[in-house]
Amino acid sequence: MQYSTTRLYQFMLRMGVTFGMVGCIGVIPTVVNAQDNWTLSLKNAYIDRDYDGNAVKDTGSWSQGASLFYKSDYYKTPIDGLEIGVDGSVQYAVRLSHDKGVADTILPFDPVSQEQARDYLKYGGTLKLKYDQTELRVGELWPDLPVTAVDRSRQLLTSYQGVSLNSKLTSKLTGEIGIISKVSPRNEEDFRKLTFTKNGIKYVSDGLNYIDLKYQVLPNLKLEYYFGNLENLYNKHYLGADYSYKLSAEASLHTKLKYFNASEDNKNYNIDSQNFGILETLKYRNHTVGLGYQQIVGDAYPLPDGFLPETYFINWNTTGFFKADEKSVHFIYGYDFKDYVPGLNFTFKHVYGYDFKTATGLKNKEQESNFILNYAFQNPKLKGVGFQWLYIPYKVRYGTDFNENRLFLTYTKKF
């Protein structure tokens with residue numbers, strides 16, 4: 001996918017309008033010691049999914065990404081107490097491997113020509129205003145909330161477009177309301193409207209209206225409530241509780257309780273789905289052990305198109321485990337090698353799902369394991385360089401097993 005002078009001009013124009021809004025007001029010179037910051041991110045990603053048999057084509061690719069994120073400090077305006085700033089992002093990735101002619105959910109894919117993009121570009125800008133404890137953002141948004149997670153599991157990041165208003169209402173209560181009008185998924189370039197596919201038919205939403213409340217009841221107890229209305233698609237409620245308890249100087253227990261409820265917001269189809277989840281995590285010295293349970297009641301839990309993960313689940317996995325009436329048990333073990341190899345840590349996850357059925361009514365079961373190895377280089381000359389290997393074996397009674405490898409070499413530099 002090649003980029004013409006016209007497309008580069010459009011990019012410069014869009015970013016220029018955003019940054020120009022601040023410059024025209026003439027507020028930047030008023031704060032001499034403002035600390036703007038830039039973050040450069042390089043990511044080399046090799047991802048390969050090998051399906052058993054020939055019924056499904058293997059997917060994956062090798063790509064190199066380069067992203068630049070800008071965050072300005074807040075600058076004073078002529079209005080007393082009102083401050084202004086801008087953020088911006090540019091993300092670019094190029095495919096290094098050959099085109100397999102199949103969609104891998106990593107790079108853009110043309111279903112008509114059956115070709116994968118050679119490269120792709122994502123960019124956006126944000127205008128932000130702040131008054132006391134309240135912040136307004138307009139433009140590109142990164143709301144890591146139910147429905148609108150920022151997916152970091154492949155190459156370029158998912159982002160959203162809209163308006164959000166965040167405020168610290170009391171010393172313990174914070175609230176956010178917003179309207180998400182468009183999304184730019186991880187494997188697409190441009191922003192587009194949110195959609196949902198049901199029974200092979202794609203439905204379009206005019207936007208997501210949401211409210212999120214977080215209440216710090218105690219220093220070790222936090223409650224959260226979220227409501228999202230995907231216009232013309234469905235509504236989502238979320239209620240969660242996080243509680244941590246220190247057992248000793250070296251041990252602590254962390255409890256997560258989660259409840260989701262989804263129902264339709266149209267007359268074209270019905271949705272009635274609930275998700276109950278609990279996760280207990282014990283940390284002792286360098287060890288972390290977790291045990292969780294999740295149950296879907298009713299229909300499969302709905303997710304918007306575009307591979308948008310629901311990271312608020314107790315433990316989001318590659319295959320999700322959110323099929324109709326599915327129950328799943330989650331086990332997690334992690335170890336930090338900081339006493340032996342600083343910067344190295346390992347995590348093992350295993351999920352067993354059962355009590356769900358195939359489309360033909362057969363009782364099914366599935367299981368997925370995740371072996372995750374992370375290493376952050378400690379040599380001062382290699383500061384910011386990291387490595388991750390993720391190995392995912394997946395097995396299902398009725399369906400297609402696969403083995404997936406993900407290798408990431410990253411570099412992050414802030415300046």
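Reader: Hello! I am starting with Asp355: what is its relative accessible area?

Author: Welcome! This is a predicted model, and here Asp355 counts as partly exposed. That class lies between the limits of 20% for buried and 50% for exposed. The relative accessible area of Asp355 is 31%.

Reader: Which residue forms a salt bridge with Asp355?

Author: The closest N and O atoms of this pair are 3.6 Å apart, and the cut-off for a salt bridge is within 4 Å.

Reader: Now to Arg186 and Asp151: how many residues apart in sequence are the parts that the pair ties together?

Author: Their side chains meet in a salt bridge, with 2.5 Å from N to O. Arg186 sits in the loop between β10 (173-184) and β11 (195-198), while Asp151 sits in the loop between β8 (134-141) and β9 (159-168), so the pair joins parts separated in sequence by 35 residues.

Reader: Are Arg186 and Asp151 buried or exposed?

Author: Buried means a relative accessible area under 20%. Arg186 falls in that class, and Asp151 does too, so for both the word is buried.

Reader: Which residues are linked with Asp87 in a network of salt bridges?

Author: Beyond the pairs above, the model has a network of linked salt bridges. Joined with Asp87 there are Lys128, Glu135 and Arg137.

Note on methods. Residues are numbered from 1 along each chain as its sequence is written. This is a predicted model: local features need pLDDT of at least 70, side-chain atom pairs count only at pLDDT 80 or more; totals for chains, interfaces and linings use all residues. Side-chain values use heavy atoms; hydrogens and water are left out. Helices (H or I, at least four residues) and strands (E, at least two) are DSSP runs, numbered from the N terminus. Buried means under 20% relative accessible area, exposed over 50%, partly exposed in between (1.4 Å probe, protein chains only).
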